[in-house]
Amino acid sequence: MTTTQSTSTTLPVISGDVAFVTGAASGFGLFLSQELVSRGASVIMVDINEDGCKKAATDINKDADKIVAIAVKVDTTRFEDQLTAYELGKKAFGRVDYFFANAGIPERFWLPLFDPTSASSRPITKPDMTTLDVNLNGQLNTAALAFQVFERQEPNPRSGFRGKLIITSSIIGFWPCKGVPLYSTSKAGVVHFMRSMARYYADKGITVNLIAPNITATPIFPAEAMASLTDNPCPIELVIEQMISVLGSCKDNGRAITISGKEVWDYPPHTYMFEENKSAFERMETVYGRQMGLWE
Ligand SMILES: NC(=O)c1ccc[n+]([C@@H]2O[C@H](COP(=O)([O-])OP(=O)(O)OC[C@H]3O[C@@H](n4cnc5c(N)ncnc54)[C@H](O)[C@@H]3O)[C@@H](O)[C@H]2O)c1
């Protein structure tokens with residue numbers, strides 16, 4: 001396990017770069033947007049909360065005394081919304097170097113509560129998949145946009161990279177939590193997605209990394225719930241610092257940066273029996289990719 005404390009003096013230079021941040025009206029997305037701008041970047045702030053997002057961008061621009069942030073109403077489950085926001089951002093700032101797939105919601109009940117005494121009198125109902133729609137498909141929409149944008153732009157002359165995608169997962173991505181099964185699924189899903197894509201894009205001037213924080217005080221939790229959830233929350237500054245640590249000319253790719261309290265470590269990619277199965281797995285992967293026309 002690698003533990004790190006604050007590395008703020010060594011963070012990559014991002015001045016002049018442009019970021020697209022989902023969930024930018026609140027919590028991580030808002031703090032991140034403010035921090036990116038304080039480091040000389042411009043931000044396309046998108047959120048389903050239009051008023052919150054516009055107010056945040058207005059405040060940022062007022063502090064900077066110039067237009068360094070634009071706010072666009074986006075429902076991340078709608079790819080078209082994200083595309084429109086990108087196009088507006090490109091018009092304002094010229095390109096996008098970083099996409100942060102960050103917007104998320106807490107668990108919504110997907111099934112009625114387990115109650116065998118009343119079950120036979122209730123119809124079997126369709127599950128509510130909203131948690132997956134936002135936390136998994138919404139983030140994959142951001143990723144799909146990012147990869148297609150990066151493919152269409154030249155590498156940034158300062159960093160040498162076409163672009164970088166940073167996904168917000170959670171420690172729950174590694175620790176299935178019975179109270180929040182769809183949240184757990186979504187957060188685990190993006191870990192595997194990040195690792196697959198990081199390998200595919202490794203030689204294409206694109207990096208894909210992920211941040212997996214433990215509980216952090218943001219509006220996602222009601223204030224009264226926060227106190228009982230943990231006595232050792234992650235400092236939000238540390239989470240944002242880790243997001244920024246993989247930007248600019250940083251070559252890191254495929255990292256699942258995990259944060260709990262003040263500890264930071266990379267969650268290991270391979271566990272049980274990986275080495276034993278590696279060569280068979282790689283052959284299978286090669287064949288699949290060939291079938292799909294991804295390579296010769
Ligand atoms: N706070 C934590 O303890 C914690 C820990 C691990 C991971 N996370 C993850 O961090 C990310 C950010 O959460 P946060 O803690 O900053 O919460 P938050 O509630 O403060 O911010 C989430 C933002 O996402 C926006 N949003 C929700 N659904 C959206 C949609 N469909 N389209 C566009 N915007 C939408 C909300 O309006 C809100 O502004 C989430 O993915 C969350 O799961 C949070």
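Hi everyone, let me start at the ligand: the residues of the shell around it divide into 11 nonpolar, 15 polar and two charged.

Before going on, a word on the source. This is a predicted model, where local features need pLDDT of at least 70, side-chain atom pairs count only at pLDDT 80 or more, and totals for chains, interfaces and linings use all residues. Residues are numbered from 1 along each chain as its sequence is written.

Back to the ligand, which has 28 residues around it, the closest being Gly23, Gly27, Gly104, Thr218 and Ile220. Near here means a C-beta atom, placed from the backbone, within 6 Å of the molecule. The element names are DSSP runs numbered from the N terminus: helices are H or I with at least four residues, strands are E with at least two.

Now the sheet. What is the order of its eight strands? The sheet is open, with mixed pairing, and runs β3-β2-β1-β4-β5-β6-β7-β8. Strands β3 and β8 (263-266) are the edges, each pairing on one side only; a pair needs at least two DSSP bridges between the strands. On average, neighbouring strands are turned by 15° against each other, direction ignored. Helix α2 packs on the sheet, touching β2 (42-47) and β3, and its direction makes about 175° with that of β3. Those angles run from 0 to 180 degrees between N-to-C directions, using lines fitted to C-alpha atoms, for helices over the stretch in contact. Contact itself means C-beta atoms, placed from the backbone, within 7 Å.

Is β3 buried or exposed? Four of its five residues are buried, so β3 is largely enclosed by the rest of the structure. By buried I mean 20 or more other C-beta atoms within 10 Å of the residue's own; exposed is 12 or fewer, and partly exposed is in between, with C-beta atoms placed from the backbone.

Strand β5 is mostly covered, with six of its six residues buried. Gly163, Leu165 and Ile167 point one way, while Lys164, Ile166 and Thr168 point the other. β5 runs parallel to β4 (residues 98-101), joined by four bridges, and parallel to β6, joined by six. Ala101 pairs with Ile167, and Thr168 with Ile211 in β6.

On to helix α6 (residues 181-201). Its 21 residues should span 30 Å at 1.5 Å a residue, and its end C-alpha atoms are 30 Å apart, which agrees; the expected span is 1.5 Å times one less than the number of residues. Its buried residues, including Leu182, Val190 and Tyr201, pack against α5 (130-151), β5 (163-168), β6 (206-213) and β7 (256-260).

Finally, two single residues. Asn141 lies in α5 and is buried, with 25 other C-beta atoms within 10 Å. Not counting residues up to four places away in sequence, Asn141 touches Thr76, Phe79 and Gln82. Asp65, in the loop between α2 (50-64) and β3 (69-73), is exposed, with 7 other C-beta atoms within 10 Å. Its phi is near 65°, a positive value in a residue other than glycine.

Terms used
Two residues are in contact if their C-beta atoms, placed from the backbone, lie within 7 Å. Ala, Val, Leu, Ile, Met, Phe, Trp, Tyr, Cys and Pro count as nonpolar, Asp, Glu, Lys and Arg as charged, and the others, Gly among them, as polar.
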